[in-house]
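Hi there,

Here is the structure I promised to pass on. Have a look at it first, and then read on for my notes.

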Amino acid sequence: MDLKYEFYIGAAPEQVWDAFVSPEGTRQTFFGCVIRSTFRPGDPYEYVGPGNDGEETVHVYGSILAYEPYKVLSYTEHPGPSYHSNHAELETRVTFTLEPVGGCTKLTLVNDQWKADHPSYENAKGHWWMILSNIKTLAETGKTLDFGW
């Protein structure tokens with residue numbers, strides 16, 4: 001049930017990293033959200049943005065597991081409280097890894113540790129393609145994709 005995606009992106013690791021970590025990048029690639037965190041391993045984080053609870057909706061949250069700028073970001077992930085009443089019980093792990101390959105960057109995303117009955121699995125399976133495609137497009141062109149929303 002692990003979700004694994006590999007993208008080759010025509011941009012430097014720093015540009016790719018900014019597309020999924022910086023507030024400017026995450027607003028564009030993660031549906032208007034920003035990450036709130038110190039990024040120290042063990043500390044909490046939240047993806048916050050427009051949604052069910054207004055402009056400050058917590059979409060996902062958890063704890064930072066690893067943070068090495070331009071190389072790796074790993075965290076536990078729970079769906080936000082407005083999505084499932086048992087959100088605290090629903091945990092997976094997400095790991096972004098960047099590595100230079102020639103003049104481009106290989107982005108690998110692994111979203112694992114899913115429980116068999118996790119209600120967010122199908123949603124994540126589809127949305128990661130959109131998010132990663134947006135990261136690739138933003139890093140390469142400075143623009144994001146128009147999903148018609």
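Which helix and strands each supply at least two residues of the lining of the largest pocket? They are strand E4 (54-68), strand E5 (72-79) and H3. Before you go further, please keep in mind that this is a predicted model.

The pocket

H3 provides the largest share of that lining, with 5 residues. In total, 20 residues line the largest pocket, and Phe31, His59, Val60, Asn123 and His127 are the ones nearest its centre. The space inside comes to about 520 Å³. By residue class, the lining of the largest pocket is made up of 12 nonpolar, 7 polar and 1 charged.

The salt bridges

I also went through the charged pairs, and the structure has 7 salt bridges. Here are some of them.

Let me begin with Asp112 and Arg93, which form a salt bridge whose closest N and O atoms are 2.7 Å apart. Asp112 belongs to strand E7 (residues 104-112) and Arg93 to strand E6 (residues 92-101), so this pair ties together parts that are 19 residues apart in sequence.

The side chains of Lys136 and Glu140 make a salt bridge (2.7 Å, N to O). Both residues lie in helix H3 (residues 121-141), and they are 4 residues apart, about one turn of the helix. Lys136 is partly exposed, with a relative accessible area of 23%, and Glu140 is partly exposed too, at 37%.

Then there is Arg40, whose side chain meets that of Asp43 in a salt bridge (3.2 Å, N to O). How accessible is Arg40, buried or exposed? Its relative accessible area is 52%, so Arg40 counts as exposed, the cut-off being over 50%.

Finally, have a look at Lys4, Glu6 and Lys106, which are joined in a network of salt bridges.

If you open the model with H3 in view, you can follow both topics from there: H3 gives 5 residues to the lining of the largest pocket, and the Lys136 and Glu140 pair lies in this helix as well.

Do write back with any questions.

Best wishes

Notes: Residues are numbered from 1 along each chain as its sequence is written. This is a predicted model: local features need pLDDT of at least 70, side-chain atom pairs count only at pLDDT 80 or more; totals for chains, interfaces and linings use all residues. Side-chain values use heavy atoms; hydrogens and water are left out. A salt bridge is a side-chain nitrogen of Lys or Arg within 4 Å of a carboxyl oxygen of Asp or Glu. Buried means under 20% relative accessible area, exposed over 50%, partly exposed in between (1.4 Å probe, protein chains only). On a 1 Å grid over the protein atoms alone, a cavity is a set of points where a 1.4 Å probe fits but cannot get out, and a pocket is an open set with protein on both sides within 12 Å along at least five of seven lines; lining residues have an atom within 4 Å of a point. Grid points are joined across faces, edges and corners, and a volume is the space filled by probe spheres set on the points. Ala, Val, Leu, Ile, Met, Phe, Trp, Tyr, Cys and Pro count as nonpolar, Asp, Glu, Lys and Arg as charged, and the others, Gly among them, as polar.
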